[in-house]
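Colleague: I want to learn how to read a model feature by feature. Can we work through one together?

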Amino acid sequence: MAARATWKGYLKISLVNIPIKVFPATESSGTISFNQLHAECQTRIQQKRWCAHCNREVPNSEIVKGYEFEKGRYVVLSEEDFDKVRPESTRVIDLVQFADESSIDPMYVDRAYYLAPDGPVAADAFAVMREGMKGKVGIGKLALYGREYLVAVRPQQRGIVMYTLHHAAEIRSIDSIDELNSVATQVKPEEIKLARQVIGTFEGPLNLSDYKDEYREGLQKIIDAKIAGEEIVAPSVESPPRVVNLMEALKKSLNTVSAQKKKPAKAAIAKPAAPKRKRAS
């Protein structure tokens, strides 16, 4: 089934405005969702907004948004307060800077979308700007649904991909991880050399489609089995051994991988087909 656009607008680069359509690049239907049930009767649980002070359920009309500036103290913001800073949706992706495509740290990426021209007239300009952006990433802003998004766009195959980005203030500094203070800044050259050899044995062309969500597939098998009245026995999982001697573990890893690569491929032996049972007449 053809993808459906979730948004229409313009891609603006200086004085060039290209009518575009925006399509989500990811599928949320790939995850298995669950409902909370009462174990005794398997009735779906209802989530109610409850005020512990008034000891009663609170309707939506009585709920406001509050910011906790001190423990237990809040300042309440009204919709009028939000409107004072809420940007107007302009339906324009305004690119204001370009940089090398490697400039974007993956940590900043939030969601991905595909951009496509909106109509045959826009297709030529879209193709020209796509080719002109090769090797580059464009940075801009998008005002949408009362919010302002930081976005990055770059060409991909016949189209253009747009990423919504986290702002720098949303990224926690790696220096805040106290456990990293005990990590050595210098290591032995012979250990680095051996580590690179081990890593090199796993190198190869990357194709992410080779990797499946084994957890989801296993969970689906359990769900299907339960529906059919069957049970699946989970295999036992052994905890990995602790690394006591790093050099010994690296050498053992290298020897194990090398031995596996030297093994000749075994020819598959076809099993004879089981005799067909005759139906009773």
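Predicted model: local features only at pLDDT ≥ 70, side-chain atom pairs only at ≥ 80, totals over all residues.

Colleague: What percentage of the residues is buried?

Modeller: Buried residues make up 17% of the 281 residues. The protein exposes about 24300 Å². Carbon and sulfur atoms supply 54% of that area.

Colleague: What share of the contacts joins residues 24 or more positions apart?

Modeller: Take the contacts with a separation of 6 or more. Residues 24 or more positions apart account for 60% of them.

Colleague: Next, helices. How should I read the two sides of one?

Modeller: An α-helix has 3.6 residues a turn, so residues three or four places apart point the same way. Now apply that to helix H2, residues 120–132. Its buried residues are Ala122, Phe126 and Arg130. Seen down the axis of H2, these buried residues fall within an arc of 70 degrees, so they line one face of the helix.

Colleague: Which exposed residues sit on the face of H2 turned away from the buried side?

Modeller: Val121, Asp124, Val128 and Gly132.

Colleague: And what covers the buried residues of H2?

Modeller: The cover includes four strands: E2 (16–24), E8 (109–117), E10 (147–156) and E11 (159–165).

Colleague: What span should H2 have, and how far apart are its end C-alpha atoms?

Modeller: At 1.5 Å a residue, the 13 residues of H2 should span 18 Å. The end C-alpha atoms are 19 Å apart, which agrees.

Colleague: Let me try helix H3. Which of its residues are buried?

Modeller: Glu191, Leu194 and Val198 are buried in H3. They cover an arc of only 70 degrees around the axis, so they lie on the same side of H3. On the other side, Pro189, Lys193, Arg196 and Ile199 are exposed. The length checks out too: the 12 residues of H3, 189–200, should span 16 Å, and the end C-alpha atoms are 16 Å apart.

Colleague: Now charges. What is the general idea?

Modeller: Side chains of opposite charge can pair when their charged atoms come close. This structure holds nine salt bridges.

Colleague: Back to H2, then. Which residue forms a salt bridge with Arg130?

Modeller: Glu131 does, with the closest N and O atoms 3.0 Å apart. Check the exposure of each partner. Arg130 counts as buried because its relative accessibility is 15%, under the 20% cut-off. Glu131 is partly exposed, at 37%.

Colleague: What about Arg56 and Glu62: how far apart are N and O in their salt bridge?

Modeller: The N to O distance is 2.9 Å. Arg56 is partly exposed, with a relative accessible area of 37%. Glu62 is partly exposed as well, at 43%.

Colleague: And Lys141 with Glu148: what is the N to O distance there?

Modeller: Their side chains meet at 3.6 Å, N to O. Lys141 counts as partly exposed at 45% relative accessibility. Glu148 is partly exposed at 39%.

Colleague: Which residues are linked in a network of salt bridges?

Modeller: Glu79, Asp83 and Arg86 are.

Colleague: Last, single residues. Is Thr164 buried or exposed?

Modeller: Thr164 is buried, with a relative accessible area of 7%. It lies in strand E11. Beyond residues up to four places away in sequence, Thr164 touches Tyr108, Val109, Asp110, Arg111, Tyr113, Tyr149, Leu150 and Val151.

Colleague: And where does Val257 lie?

Modeller: Val257 lies in helix H5, residues 246–262. At 11% relative accessibility, Val257 counts as buried. Leaving out residues up to four places away in sequence, it touches Thr201 and Phe202. Val257 and Thr201 are 56 residues apart in sequence, yet 7.1 Å apart in space, C-alpha to C-alpha.

Terms used
Residues numbered from 1 in each chain as written. Heavy atoms only, no water. Helix = DSSP H or I, 4+ residues; strand = E, 2+ residues; numbered from the N terminus. Expected span 1.5 Å × (residues − 1). Buried < 20%, exposed > 50% of the residue type's maximum accessible area, 1.4 Å probe, protein only. Arc of directions from axis to C-beta. Contact = heavy atoms within 4.5 Å. Areas by Shrake-Rupley, 256 points an atom, 1.4 Å probe, with all protein chains shown as cover. Salt bridge = Lys/Arg side-chain N within 4 Å of Asp/Glu carboxyl O.
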